[in-house]
Amino acid sequence: MLARFAPGTFLENLEIAPNGDVVFTNYTAKRLEIWRPGDGLQTPIDLGAHAMNVVARDSDFVVLAHRGSMAAPTADGLGNVVMIVAYDGEIRETIELPQAAALNGMALLSQTVALLGDSATGRVWQVNLESGLASVWFEDPSLAPEDPAGFGLNGLQIHDGALYLANSADASLSRIGIGADSAPSGDLERVANLPGIDDFKYAADGRLFFAPHTDVVLVRARNGSVEPVLDKDVDGATAVELTPDGTTLYALGTGGVFIGGTGEATLVRLPLTPIETDEETGQ
């Protein structure tokens, strides 16, 4: 275990910055936490909004946040906002997105365009990070939950020329191709049915690491088998991330705060051995 936080803390998403820092969202405390290899936790970045997701660019973070809280929803909605935050903590820009319902997952389509998943509606929004303009990039009713208060579309990752989408409502992973014009291409394809899924990460060797919001982190092998890869200190696992060389897995646990647990929230690390693949078959 690398870091721990008081019971009731909701840690949601993490990213590895270009300098190797592990940056993760503390939804409860409205801030970004930073853990630096060799130095431990650094001074957090206060945002004034509930940080949901973070991706890193060369000189700043793109943060998806909620003005309101999922823990205490109101008729005014969550108040979705995207923030451009410098590494030194300066909030350079905010983009309000009142047209969206409950934004959750995020992936960069390019350095200037972010894709954002709407858990309530099954829509994927695209937001130009320079102009602030937003529009629906893709939508499918199967990505929305039957219960309006539940979570459907969740984690997003662009991998191998497609956008992969986690659906927490039916514990599945789907993909939609990305065309040369950066628009959706082809039909939505279900890739896997899983025990549960929040955020996830495809490794270069084809393995899928995912957080099922239980007390383990799971890995799906290329043959479709699923097994635990981390089963300690990750109660309420919400997110995973891999180092660029694929040799280290980081994961977040919430102590089970949204599933009746009362444990500490955690950041943990696990060494990995990449699997060699056949260049012709990918197996």
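Visitor: Where does Asp233 lie?

Guide: Asp233 sits in the loop between strand S22 (226–230) and strand S23 (239–242). Strands here are DSSP runs of E with at least two residues, numbered from the N terminus along with helices, which are runs of H or I with at least four residues. Before we go on, note that this is a predicted model: local features need pLDDT of at least 70, side-chain atom pairs count only at pLDDT 80 or more, and totals for chains, interfaces and linings use all residues. Residues are numbered from 1 along each chain as its sequence is written, and side-chain values use heavy atoms, with hydrogens and water left out.

Visitor: What is the phi of Asp233?

Guide: Let's start with the general idea. Most residues other than glycine have a negative phi. Asp233 is not a glycine, yet its phi is positive, about 65°. Ser182 also has a positive phi, near 70°, and this residue lies in the loop between strand S17 (172–178) and strand S18 (184–193).

Visitor: Does Asp233 count as buried or as partly exposed?

Guide: Buried means under 20% relative accessible area, exposed means over 50%, and partly exposed is in between, using a 1.4 Å probe and protein chains only. Asp233 counts as partly exposed because its relative accessibility is 31%. Ser182, at 33%, is partly exposed too.

Visitor: Which residues does Ser69 touch?

Guide: Contact means heavy atoms within 4.5 Å. Leaving out residues up to four places away in sequence, Ser69 touches Tyr27, His50 and Leu78. Ser69 has its place in the loop between strand S8 (60–66) and strand S9 (80–86), and with 17% relative accessibility it counts as buried.

Visitor: How many salt bridges does the structure hold?

Guide: A salt bridge is a side-chain nitrogen of Lys or Arg within 4 Å of a carboxyl oxygen of Asp or Glu. The structure holds eleven. One of them joins Arg36 and Asp21, with the closest N and O atoms 2.8 Å apart. Arg36 lies in strand S4 (residues 31–36) and Asp21 in the loop between strand S2 (11–16) and strand S3 (22–26), so the pair ties together parts 15 residues apart in sequence. Arg36 is partly exposed at 30%, whereas Asp21 is buried at 5%.

Visitor: Which residues are linked with Asp60 in a network of salt bridges?

Guide: Arg57 and Arg92 are linked with Asp60 in that network. Between Arg92 and Asp60, the closest N and O atoms are 3.7 Å apart. This pair links distant parts of the chain, with Arg92 in strand S10 (residues 91–96) and Asp60 in strand S8, 32 residues apart.

Visitor: In what order do the four strands of the open sheet stand?

Guide: Two strands pair if DSSP finds at least two bridges between them. Here the order is S11-S12-S13-S14, with antiparallel pairing. Strand S11 (103–108) and strand S14 (134–139) each have a single partner strand, so one side of each is left without a neighbour in the sheet. S11 and strand S12 (residues 113–118) pair over four bridges, and the bridge partner of Leu108 in S12 is Ala114.
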